[in-house]
Amino acid sequence: MFSALKSHWFQLRSQKIIDLFGSDTERVKNFSIRFNDLYFDYSKTLIDPIAKKLLIDLCESTNLKGASESMLVGDPINSTENRAVLHSALRNLNATPIYFDRANIMPSVLDTLGSMEHFANNVRNGSWCGSGGKISEIVNIGIGGSDLGPSMATSALSPYHDGPRCHFVSNIDGAHITEQLRNLNPRKTLLIISSKTFTTIETMTNAITAKNWLLAGGGDPARQIVAISSALSRTADFGIPDNLVFGFANWVGGRFSLWGPTGLPLMLAIGPEDFRSFLRGGYEVDQHFKSTDWSHNLPVMLALVGIWHHQICDFCTRAILPYDQRLALLPSYLQQLEMESNGKGVTKTGNNLEYPAGPIVWGAPGTNGQHAFFQLLHQGKQIVPCEFMVAINSHEAELSHHHHLLIANCLAQSEALMLGCDKRQTEEHLVNEFLGKELAFQVSHRTFSGNRPSTTLIYPKLTPKLLGNIIAIYEYRVFVEGIILNINSFDQWGVELGKKLALQLSKIISGQEISTGRDPSTQALIDFVRQHQIDKESTG
């Protein structure tokens, strides 16, 4: 499937990206996309018109159109779990009918949204109170998709907060919940326990601890604990009445669930109206993806750039670099979205892949990253494609001079990665400072090879709708890459084995069971832990 692209890459790889602009005076126009208020530039990559055509041909040869239609009409494209993938229905505010098992699911989706809005309004206006009065704090307890999405989005949209303060607990490490609850009033705190199955060990352990904290502090569990779950019997056993359980169907995967009840903390923070604006942003991308030809389709071209860099050029990682402090959690969110979705080793039919699938996704906000890992990006032997994003305007109008510097740094880094600074240029910069052998020595350390690819996504300002645009674009990127790679992007069996072993080991670590049959290394670690636990207990 990739042979023609590989062959073309071997011809291109010795060229300079900057030279492509000289051979095509329309390159910037031809290798950029405008969608509503977003501008996506991928001209600083070593993709030429031939490579672009071959990449778009992949969409045709893998029947991306048919696969897209199958997903959006509710076919069970998650084959290992026999599930549909219909998270886009959660942002379908136009209520266009969407069918699953021959039934229109939109009435149910909108009923749930209405219930969320009714509850959020009551909490925000004080008609739904805790034992100590109006709710002032929200603590969301979840992990994975039940934490990364709402915590990222809530942080991103902090300028729009006019509701209770939101806190997030995910790690089973007792330090996390201790620090989050330390200064909160249990009589004015609402707990949101977010787990579809209500069995996730980390979440339920934290939930029990939080419930005990609430009770000890005089809180009212009947009014101060709600659940995001589909397991009504388990939520009832926990003491949560059904009217305080907001559920979603199994056609919504956890890492795609922010658009629905998992987004309740965000709705409580910014209000139902702005939450709907967030949903409309996602819906706009749905329509763009469905109706736009591949060459002008932003999520499709973002995916094809990713395929080019990873599967064709063998660049195994990609750096997400938002020059937007409020998007500090976006790299972690996209890390789960992409690596849990496409970190696979077999095709949809179960055959071993002949090439690596999902890339390693990581990153940090600019300008912090510049003083942490950009040294490697500029002068390391490995090439890391970089994905920059930046807002033209900030929410802090009185600090515009800060923002001008921020934008300048973003644009300068992508320019520097592409252009580099060769030996001659470096000598010219240093000739008045060093002479002779010292000049040659200094030049060797200060030369930049350049020719390192990047993309840039620019937008006017980070708003609820714009954030909805960005998240949906990356969701579709995952889908497109999965179709082209012939993998199932919507299961995650790789997380299960470690969880199963952890349940076994927890009984051994706590002394409830004796360890037998473990490998020598793990047994030695168990023995070391147990010995020091015993020493501490005996001397405490």
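Predicted model: local features only at pLDDT ≥ 70, side-chain atom pairs only at ≥ 80, totals over all residues.
The secondary structure of the chain amounts to 22 helices and 15 strands. The radius of gyration is 26 Å, close to the 24 Å that the globule rule gives for 540 residues, so the chain is as compact as a globular protein of that length. Along the principal axes, the C-alpha atoms fill a box of roughly 75 × 65 × 55 Å.

An open sheet is formed by 5 strands in the order β8-β7-β9-β10-β11, with parallel pairing. Its edges are β8 (165-169) and β11 (245-246); each has a single partner strand, so one side of each is left without a neighbour in the sheet. Within this sheet, β7 (residues 137-141) and β9 (residues 189-194) pair in the parallel sense over 5 bridges, and Glu 137 stands opposite Thr 189 in β9. Helix α9 (residues 201-216) packs on the sheet, where it touches β7, β8, β9 and β10 (225-228). The direction of α9 makes about 160 degrees with that of β9.

Antiparallel pairing is found between β1 (residues 32-35) and β2 (residues 38-41), which are joined over 4 bridges. Phe 35 has Leu 38 in β2 as its bridge partner. The two strands β1 and β2 form a hairpin with 2 residues between them. Asn 36, in the turn of this hairpin, has a positive phi of about 50 degrees, in a residue other than glycine. Strand β2 also pairs with β15 (residues 454-459), in the antiparallel sense and over 3 bridges; here Tyr 39 stands opposite Ile 458 in β15.

Two packed helices are described by the angle between their axes and the distance between the axes. Helix α15 (residues 330-342) takes part in a contact with α20 (residues 464-485), the axes coming within 10 Å and crossing at roughly 20 degrees. That angle makes α15 roughly parallel to α20, since angles under 35 degrees count as roughly parallel. The crossing of α15 and α20 is right-handed. On the α15 side the contact is made by Tyr 333, Leu 334, Leu 337, Glu 338, Ser 341 and Asn 342. The α20 side contributes Ile 471, Tyr 474, Glu 475, Arg 477, Val 478, Glu 481 and Gly 482. By class, the residues of the contact of α15 with α20 divide into 6 nonpolar, 3 polar and 4 charged.

Helix α15 also packs with α7 (residues 148-156), and the axes of α7 and α15 come within 9 Å and cross at roughly 150 degrees. The helices α7 and α15 are therefore roughly antiparallel to each other, and their crossing is left-handed. Leu 148, Gly 149 and Met 152 in α7 meet Leu 330, Ser 332, Tyr 333 and Gln 336 in α15. The contact of α7 with α15 has 4 nonpolar, 3 polar and no charged residues.

The peptide bond from Gly 366 to Thr 367 is cis, with omega near 10 degrees, and Thr 367 is found in the loop between β13 (360-363) and α16 (374-379). Ala 95 has a positive phi, near 60 degrees, in a residue other than glycine. The loop that holds Ala 95 runs between α5 (64-72) and β3 (99-100).

How values were computed. Residues numbered from 1 in each chain as written. Heavy atoms only, no water. Axes fitted to C-alpha atoms, helices over the stretch in contact; angles between N-to-C directions. Parallel < 35°, antiparallel > 145°, perpendicular 65-115°, else oblique. Left-handed = near helix turned anticlockwise from the far one by under 90°. Contact = heavy atoms within 4.5 Å. Nonpolar A, V, L, I, M, F, W, Y, C, P; charged D, E, K, R; others polar. Pairing = 2+ DSSP bridges. Rg over C-alpha atoms; globule rule 2.2 N^0.38 Å.
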